[in-house]
Amino acid sequence: MMNPPLRQKSFARAILEYGPAILITICIIIFWEVSIDLFRIPSFLLPKPSAVAVQFISMWKIVLPHMWVTLFEAAMGLILAGAISIILAVGIVHFKLVERTVYPYAVATKVIPIIAVAPLLTIWFGFGIAPKIVTAILVSYFPILVNTVKGLQSADRQMVRLMRSLFATKYQIFTKISVKYSLPYVFAGFRISSTLAVIGAIVGEFVGADRGLGFFLVIAQSELDVRKMFVGVALCALLGLFLFLLVVALERYFLFWHESAETSEEMI
Amino acid sequence: MPDRTEYISIRDISVQFPAADGPILALENVSIEIYKEEFFSIIGPSGCGKSTLLNLIGGILRPSSGEILFPGNSSDPFIKRGKVSYVFQEPVLLPWRTLLENVLLPLEVLGLSTSDCHQRARDLIRLVGLEEFESAYPKALSGGMKQRACIARALVFDPSTLLMDEPFGALDEITRTTMNLELQKIWLQTRKTVLFITHSIQEAVFLSDRIGVMSPRPGYLKTVVEIDLPRPRSIDTISSPEFAAYMATVRGHLHGTAGVK
């Protein structure tokens, strides 16, 4: 059931929330479009936004399959990074031994630049999507791991005290209290990692691939086709944005109870 | 007036906490007999070990020396499982659960969920006056309402003893007085043995059958003041001369002008 006044209000709020960003974007695009002619910038260096759009329309059948490949790699990387990180975090929080053995390695693998190990991964896993998923995992697992560890330790102390007074088992405290209290932190980790996963997938494709946006960009560069490159860059951005917004949507659904969630229409 | 059956017997309890520069003595030789179904308050300055005393009775903490005996002369905290219930100063509720689901939490933890437990939880929510908010989430509730919910949650598994650690300390004066009246009503209806910790002399005198006055650290029991005012006590009771006299007595003991060790 939707009552009209409330709907109008949420529409007004949507304009207030997203309006400025949309407005700025439109301004930048117009400025860009106009200044190419105005300052006589050669189109082989910087194409007009309209030219990029035309380029995309003329070749969307070719470029979209590349995007699906990269999306799949990034999404798989993010999901697997999440699964691995959460399992490790649970181990780190509960067993000192795991903390002492795993944490240093987690930090160490984070310190190695992904671009340095990507060629190695291609040798190990071939030119298919597997090494791209691995690079996506390697760049994106760390924020989720660190945040989940922090989150699992952030259960309300009074609530834990209450559970202890009821002689709750460790398992009960973990499942009924700690897991839910960790969710805001876990989602914060996923937000950061969602964009990193796209970077990981593209870096993997740069090193050796026969499809994907990274591959598309490398080909466009070899042809010195700046318009194609802009199409690729724009699609990379869209991809990152899509994964990010997906995480935000899931977060809103699961964290409806959290303070960060918009409470009601009273806010406006 | 409560019958004088000994219920919880605190015998010569001392508690030491380890610290960097030697152990800190939190409680020193405290002995209290708590009677069945009485409302017993403990009042004292900050850091006198009031909460420590409560944690001892709740079985969360072990004394360094001395013993606590529960009904049946048992000192095993596991026997108390499901017998003792807490209300803390901060009204902590799980934000992702509705009020009703929060009240049901202890039953889930204790493995006592039965078919009629929803009805029992609803009855208690009505008892604390929150029947309209059964399916509300905690962020929609005020501080006083949250604390009422915590009291309902504490009563849901029908414990014999209620341990209340400054439950109304974070509330404003007006809400606090209302909550005192409410708590008296709930206590008269449910007849639990209540151990109530407070900083407020008025609150202690209003609610209690007896008040234990504690000294500053290391905490020891200075004296026990018996409050012989008829129940139910009302707002008018607070302005009566007898009430004022009891408050003066407790204040005197607290500030050392009477009954110093």
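This note reviews the domains, helix packing and chain contact of a predicted model.

1. Domains of chain A. Chain A is divided into domain 1, residues 1-41, and domain 2, residues 58-267. Taken over C-alpha atoms, the centres of domain 1 of chain A and domain 2 of chain A are separated by 29 Å.

2. Helix 2 and helix 3 of chain A. Two packed helices are described by the angle between their axes and the distance between the axes. For helix 2 (residues 49-94) of chain A and helix 3 (residues 96-111) of chain A, the axes come within 6 Å and cross at roughly 135°. Helix 2 of chain A is therefore oblique to helix 3 of chain A. The crossing of helix 2 of chain A and helix 3 of chain A is left-handed. On the side of helix 2 of chain A, the contact is made by Leu88(A), Gly91(A) and Ile92(A); helix 3 of chain A contributes Val98(A), Glu99(A), Val102(A) and Tyr103(A). By class, this contact has 5 nonpolar, 1 polar and 1 charged residues.

3. Helix 2 and helix 8 of chain A. Helix 2 of chain A also packs with helix 8 (residues 213-222) of chain A, at an angle of about 135° and with the axes 7 Å apart. These two helices, helix 2 and helix 8 of chain A, are therefore oblique to each other. Val63(A), His66(A), Met67(A) and Thr70(A) belong to helix 2 of chain A and meet Leu213(A), Gly214(A), Phe215(A) and Phe216(A) of helix 8 of chain A. The contact of helix 2 of chain A with helix 8 of chain A has 5 nonpolar, 3 polar and no charged residues.

4. Domains of chain B. The domain assignment gives chain B a domain 1 made of residues 6-83 + 160-254 and a domain 2 of residues 93-158. The C-alpha centres of domain 1 of chain B and domain 2 of chain B lie 24 Å apart. In the contact, 12 residues of domain 1 of chain B face 12 residues of domain 2 of chain B. On the side of domain 1 of chain B, helix 5 (residues 173-190) of chain B gives the most, with 6 residues. That side divides into 7 nonpolar, 4 polar and 1 charged residues.

5. Contact between the chains. Which chains meet, and how many residues does each give? The contact takes 15 residues from chain B and 16 residues from chain A. Helix 2 (residues 99-110) of chain B gives the most to the side of chain B that touches chain A, with 3 residues. The residues on that side of chain B divide into 11 nonpolar, 1 polar and 3 charged.

Technical notes: Residues numbered from 1 in each chain as written. Chains lettered and ligands numbered in written order. Predicted model: local features only at pLDDT ≥ 70, side-chain atom pairs only at ≥ 80, totals over all residues. Domains from an automatic or database assignment. Axes fitted to C-alpha atoms, helices over the stretch in contact; angles between N-to-C directions. Helix = DSSP H or I, 4+ residues; strand = E, 2+ residues; numbered from the N terminus. Parallel < 35°, antiparallel > 145°, perpendicular 65-115°, else oblique. Left-handed = near helix turned anticlockwise from the far one by under 90°. Contact = placed C-beta atoms within 7 Å. Nonpolar A, V, L, I, M, F, W, Y, C, P; charged D, E, K, R; others polar.
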